[in-house]
Amino acid sequence: MINVEQVLAESFIRQGQWHDSLGSTNNRALELAVDPLVQMPILVGATEQSAGRGRGSNRWWAADGTLMFSVLFDMPSLGLPQFEWPRFSLGTALTIAETIEAFLPNVPVGLKWPNDVWIGNRKTCGILIEQSDRAPGRLVVGIGLNINTQFDAAPAELRSIATSLHTESGQTFCMQQVLIQFLQRWEFNIAAQKAGDWDLERLWSRLCVLSGRTVCVTAAGNESTGLCTGIANDGALLVVDRGQTVRHYAGTVRPIDTAPD
Ligand code: BTN
C-alpha cells in the first residue's frame with residue numbers, strides 16, 4: 001500500500017487515493033475528470049486491478065509488485081497547450097526511464113516510441129494516456145511499472161517479453177520511493193518543457209531502441225515499413241521509406257529485423 005499523505009507532501013500531486021483493488025485506475029480517473037470538487041493533478045492508484053487496460057484493445061496483466069496508478073491532469077492549468085501533448089506523452093516515458101536508471105544505473109534502459117519503457121529487449125513499463133470525452137482538456141496518464149513483479153504466473157506469451165526491476169537485478173525496491181522519485185522528476189521535466197528549455201529529441205535519442213532498426217508501423221489500419229531514424233523534437237517517429245522521411249504521430253510500431261545483442 002502506498003502512503004498517499006507522503007506523496008502529497010513530497011510531490012506536485014494535490015489529491016490522491018489508493019485502493020486495495022479497482023477495475024482500472026484509468027477508468028476511475030476518467031470518472032473523476034467530471035467531478036467539480038477534484039483538485040488536479042490527482043493520483044489514483046491500486047494495489048490490484050481486475051480490468052487493467054493497455055493500449056488499443058489490450059489488457060494489462062499485473063501481479064504483486066507492479067506499481068499501477070493514473071494521474072488526472074487539467075492540461076490548461078498545467079500550462080501545456082494541445083500541440084505539446086505528444087511531447088508530454090513521450091516525456092512521461094522518458095521520466096520513467098530516468099527514474100529506473102537512478103535506481104539501477106547499470107541496466108540498459110530503453111524507450112520504444114511512443115511510450116513503452118524497456119530494459120534490454122523486454123518491456124518493463126506501459127503507459128496509457130486518455131482524454132476525457134466529457135471534460136475537454138483533462139488527460140489521464142495511466143502507468144503500469146513492473147518493479148518487484150515476478151512472472152511465474154504470467155501468461156506464457158508475456159514471460160518472454162516482459163521484465164521488472166527485480167527480475168533484472170535480484171533486488172527488492174520500495175515502491176513508495178520509486179513513485180515519489182518519478183513524480184519529482186516528472187514535475188521537473190514538465191517545468192522544463194513549459195519553459196521551452198527541454199531538448200526531447202536529444203534526451204530521447206540516447207535511449208531510443210528503434211533508431212537504426214527496420215520497423216513496421218501500423219496506423220489507421222495501414223502498415224508501412226522503413227528504417228527508423230529516431231524522433232523529431234515535436235514527438236513524431238521518423239521512418240525513412242524509399243528515400244522519403246515519413247513522420248508518424250500515432251500508431252503502433254514494432255521492429256522487424258533481428259534484435260541487436
Ligand atoms: C500498454 O502498455 O499497453 C499500456 C499499459 C498501461 C497500464 C496501466 S496500469 C494503471 C493504468 N490503469 C489501467 O487500466 N491501465 C494503466
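**Salt bridges, a buried glycine and a domain interface**

Let me open with arginine 242, which counts as exposed at 76% relative accessibility, where exposed means over 50% relative accessible area, buried under 20%, and partly exposed in between, with a 1.4 Å probe and protein chains only. What I am showing is a predicted model, in which local features need pLDDT of at least 70 and side-chain atom pairs count only at pLDDT 80 or more, while totals for chains, interfaces and linings use all residues. Residues are numbered from 1 along each chain as its sequence is written, and side-chain values use heavy atoms, with hydrogens and water left out.

Arginine 242 forms a salt bridge with aspartate 241, with the closest N and O atoms 3.2 Å apart; by salt bridge I mean a side-chain nitrogen of Lys or Arg within 4 Å of a carboxyl oxygen of Asp or Glu. Over the whole structure, the search finds twelve salt bridges.

Another of these joins arginine 138 to aspartate 74, at 3.0 Å between the closest N and O atoms. Because arginine 138 lies in strand β7 and aspartate 74 in strand β3 (residues 66-74), this pair ties together parts that are 64 residues apart in sequence; strands here are DSSP runs of E with at least two residues, helices are runs of H or I with at least four, and both are numbered from the N terminus. Arginine 138 is partly exposed at 22% relative accessibility, whereas aspartate 74 is buried at 16%.

Lysine 112 and aspartate 116 also meet in a salt bridge, at 3.9 Å from N to O, and here aspartate 116 is buried at 11%, as is lysine 112 at 12%. A network of salt bridges links Lys112, Asp116 and Lys123.

Returning to strand β7, which spans residues 138-146, we find glycine 142 in it, buried with a relative accessible area of 8%. Leaving aside residues up to four places away in sequence, glycine 142 touches Asn26, Phe69, Ser70, Gly126, Ile127 and Leu128, contact meaning heavy atoms within 4.5 Å.

Finally, the domains: the chain is divided into domain 1 (4-199) and domain 2 (214-255), with bounds that come from an automatic or database domain assignment. How many salt bridges cross the interface of domain 1 and domain 2? The rule finds zero, although nine residues of domain 1 are in contact with 13 residues of domain 2.
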